[in-house]
Amino acid sequence: MDIPYTVEVRPDTGLTNGKIGIWLFLASEVMLFGALFASYILIRTGATTWPRGDTILNVPLATFNTIVLISSSVTMVMAWASLKRNRFGTFRMYMGATILLGGVFLVVKYFEYSHKFELGLFPSTNNFLAIYFTLTGLHMLHVIGGMAVNAYFWGPGAKLWKTNPEWFTNRVEHSGLFWHFVDLVWIFLFPTLYLL
Amino acid sequence: MQASTTTDHAADIDKHVRIYITVFVTLMVLTIVTVAISRFHLPVPIAVSVALFVATVKGTLVACYFMHLLSEKKLIYAVLALTAAFFVVLLSLPVLTVHDGFWIR
């Protein structure tokens, strides 16, 4: 039995099932990160002293990573636009760039984490580092998850394009929504942790 | 007729692509602005307000244009409005502890 409403919209919602599904999932993600941001506010306002992020963390590296993630959002949306224009080859190029940029983000994060560990700075060191590693660690897991889905659509999942291009385009749009959300979370994490 | 529709559709996507590029450049500029402002070492309340304001502008651009929220269906807006309401409540909870939370005891 085929999955219903993957291409045509449901008359009652006016949306495909995939679209409403991904937005409901993102709503739950907002609450997940919201809970951690609330914890951050609670811990910070309750602390007698709180270090400025730039005295402990590497701002140039994080700025570079911000640029990388924003760029990956653009390549992601361009990948979707390429499918809308019926240009599968261009889609592959942009989707490949998105995955690559996600990889660059993770490599930079690896160096950042390694440097902290070398200096003896761990989540258990203080509250600032505890919330830093928790928030950025959770965010990194999301980057890895997004990359895995994007890699699937770049590779084996792309065969759907031959049989049902509209459905494939919708699936790429949905994975794009998740990827943009990951970018959006980083846009708030960057100043909160590194600059304030 | 079909050819005309296809051409219109392609032109529509081309317009979108131009918007994506503009948003991308704006996001880059705002990222530099965020870092530059942090160099001034403003008082914490002002620094937090400015940083979160710029981040909100950037987030809004991503949501409106990359996530196509400007042209979504009402159901999505309803879901997001409900999420935003709960999000605000969630972030307000720590504020209740101000002054040892004397007014909620």
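The model is predicted, so local features need pLDDT of at least 70 and side-chain atom pairs count only at pLDDT 80 or more, while totals for chains, interfaces and linings use all residues. Side-chain values use heavy atoms, with hydrogens and water left out.

Helix α6 of chain A (residues 165–195) has 31 residues and spans 44 Å from its first C-alpha to its last, close to the 45 Å expected at 1.5 Å a residue (1.5 Å times one less than the number of residues). Helices here are DSSP runs of H or I, at least four residues in length. A bend of about 30° sits at A:L189, with the proline A:P191 following within four residues; the bend is the angle between axes fitted to the seven residues ending there and the seven starting there. As for cover, 26 of the 31 residues of α6(A) are buried (under 20% relative accessible area, 1.4 Å probe, protein chains only; exposed is over 50% and partly exposed in between).

Over all chains there are 23 aromatic pairs (ring centres within 6.5 Å; planes under 30 degrees apart are stacked, over 60 edge-to-face, the rest tilted). A:Y132 and A:Y194 pair edge-to-face, at 6.0 Å and 80°. A:Y132 belongs to helix α4 and A:Y194 to α6 of chain A, so this pair ties together parts 62 residues apart in sequence. Both A:Y132 and A:Y194 are buried.

On chain B, B:V33 lies in helix α1 (residues 2–38) and is partly exposed at 31% relative accessibility.

Technical notes. Residues numbered from 1 in each chain as written. Chains lettered and ligands numbered in written order. Helix = DSSP H or I, 4+ residues; strand = E, 2+ residues; numbered from the N terminus.
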